[in-house]
Amino acid sequence: MTILEDLKWRGLLADCTDLPALEKRLAEGPITVYAGFDPTADSLHVGNLVPLLALRRFQNFGHRAIALAGGATGMIGDPSGRSSERSLSTPEEVAHRIECVRGQLQRLLDFQAGAKLLDNAAWTRPLSYLEFLRDVGKHFTVNVMIAKESVRARMEEREGGISYTEFSYMLLQAYDFYHLYTQEQCQLQIGGTDQWGNITAGTELIRKKASGQGWGLTLPLITDASGQKFGKSTGGGSVWLDPKRTSVYRFYQYFINVDDRDVVRYLKFFTFLPQGEIDALAAEHAKNPGARVAHKALAREFTALVHGEAAAADAIRASEIMFGGALEGVSEAVFKDVVGEVPTKSIERSKLGEPGFPLVEALVHSGLSSSKGQARKDIEGGGVYLNNVRSAEVAKSIGAGDLLFGKYVLLRKGKRTYAVLEVAG
């Protein structure tokens with residue numbers, strides 16, 4: 001299977017400037033391919049990953065990958081797919097974001113095997129405005145630029161429109177492709193379908209200015225089964241790669257809870273599992289969706305790719321705890337992931353001294369039971385768990401010996417309703 005055949009099978013090939021010619025070029029030997037990203041935050045989010053993972057797929061087939069950080073274009077703002085102007089960032093903010101993202105890219109791309117991370121500020125900032133107008137701007141007509149979807153959509157808005165700054169973005173991205181073509185022998189640019197206008201501007205500049213051949217290949221913008229943009233959590237925020245923004249546990253949970261209709265597609269999009277394994281998972285999923293075998297494979301593979309095997313194992317362990325798994329051998333770091341996901345109430349350490357803190361009162365204090373009477377009924381009914389062990393004694397008290405890591409008590413009512421008591425101080 002070739003890289004293009006793999007992309008087609010995975011549903012990752014949307015369009016190409018000249019597919020037959022690109023297929024012929026790839027058959028001749030390795031090609032240099034790049035994908036760009038503007039550092040709009042100090043972390044990537046999962047919505048950024050399809051083109052970056054595609055770079056790794058090209059690498060796996062023996063090609064050379066370049067991830068291009070927009071140290072220059074990130075200060076301008078790409079109008080593609082946006083209905084309003086971006087807020088301008090300072091050079092210091094952009095440089096900081098690139099450094100933050102560098103570590104994340106090192107997990108996604110193999111820099112030991114020749115992948116590069118470049119910053120387009122290196123060749124854009126030295127250009128004077130007159131040089132750019134003469135050497136780049138003269139190769140484009142305003143008529144063609146206005147016809148691009150990303151520009152036309154913004155111009156048709158009743159309010160705001162598009163600034164000259166963002167209107168010029170296309171030329172900057174075109175110049176990036178030209179520079180990489182001449183300096184890095186890069187012949188292929190990949191990106192989302194919203195980048196088509198910018199990508200084709202680059203192939204045109206290479207043709208006109210260097211009498212060369214460059215290709216553009218777009219990947220689909222990912223949506224879920226309901227048609228919503230991929231990569232948003234249930235709370236509406238982005239799912240980030242930085243664990244400070246999105247914990248590894250929450251990252252894992254996002255993928256284990258994807259819609260049944262999406263899971264096989266996402267296995268193709270976000271893992272490097274071969275076709276045979278994905279087909280087998282798809283068959284198991286079709287036979288018994290409730291077993292969630294495909295979901296677990298997706299969450300495990302992608303979490304390990306982004307955060308490493310150890311972090312993925314911890315996320316799986318935390319997930320097991322949330323489904324009533326035993327706590328023996330669990331690390332404090334894993335348990336803290338659980339604490340971060342459930343309601344937590346403080347308790348004074350003195351209350352755990354003899355004779356202890358009555359379980360009935362603990363259930364009310366934690367919010368799991370509405371009253372002491374209800375708490376007694378919950379306990380008698382067998383639905384109350386202390387540190388994931390069923391506790392059916394109404395007279396039970398919680399003491400210092402029940403503390404996990406010297407400061408936590410995990411309470412549960414029913415199958416999935418949790419609360420944590422944390423010793424204050």
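What share of the 425 residues of the protein chain count as buried? The figure is 49%. Keep in mind that this is a predicted model. Here's a quick tour, from the whole chain down to a few residues.

**The whole chain**
- If you count up the secondary structure of the protein chain, you get 19 helices and 13 strands.
- Take the contacts between residues at least 6 apart in sequence: 72% of them join residues at least 24 apart.

**Surface and charge**
- The protein chain exposes about 19900 Å², and 50% of that comes from carbon and sulfur atoms.
- On the charge side, there are 50 positive and 50 negative side chains.
- The centres of those two sets lie 2 Å apart.

**A nonpolar patch**
- Tyr129, Leu130, Leu133 and Tyr164 make up a nonpolar patch on the surface.
- Together, these four residues have about 470 Å² of accessible area.
- Helix 6 (residues 129-135) gives the patch its largest share, three residues.
- Leu130 sits in helix 6, and Leu130 counts as exposed because its relative accessible area is 61%, over the 50% cut-off.

**A loop residue**
- Look for Ser370 in the loop between helix 18 (359-366) and helix 19 (372-380).
- Ser370 has 68% relative accessibility, so it counts as exposed too.
- Between Ser370 and Val136 there are 70 Å in space, C-alpha to C-alpha, and the two are 234 residues apart in sequence.

Notes
Residues numbered from 1 in each chain as written. Predicted model: local features only at pLDDT ≥ 70, side-chain atom pairs only at ≥ 80, totals over all residues. Heavy atoms only, no water. Patch = residues over 30% accessible without salt bridge, like charges linked within 9 Å, V, L, I, M, F, W, Y side chains within 5 Å. Areas by Shrake-Rupley, 256 points an atom, 1.4 Å probe, with all protein chains shown as cover. Salt bridge = Lys/Arg side-chain N within 4 Å of Asp/Glu carboxyl O. Helix = DSSP H or I, 4+ residues; strand = E, 2+ residues; numbered from the N terminus. Buried < 20%, exposed > 50% of the residue type's maximum accessible area, 1.4 Å probe, protein only. Contact = heavy atoms within 4.5 Å. Lys, Arg positive; Asp, Glu negative; His and termini not counted. Charge placed at Lys NZ, Arg CZ, Asp CG, Glu CD.
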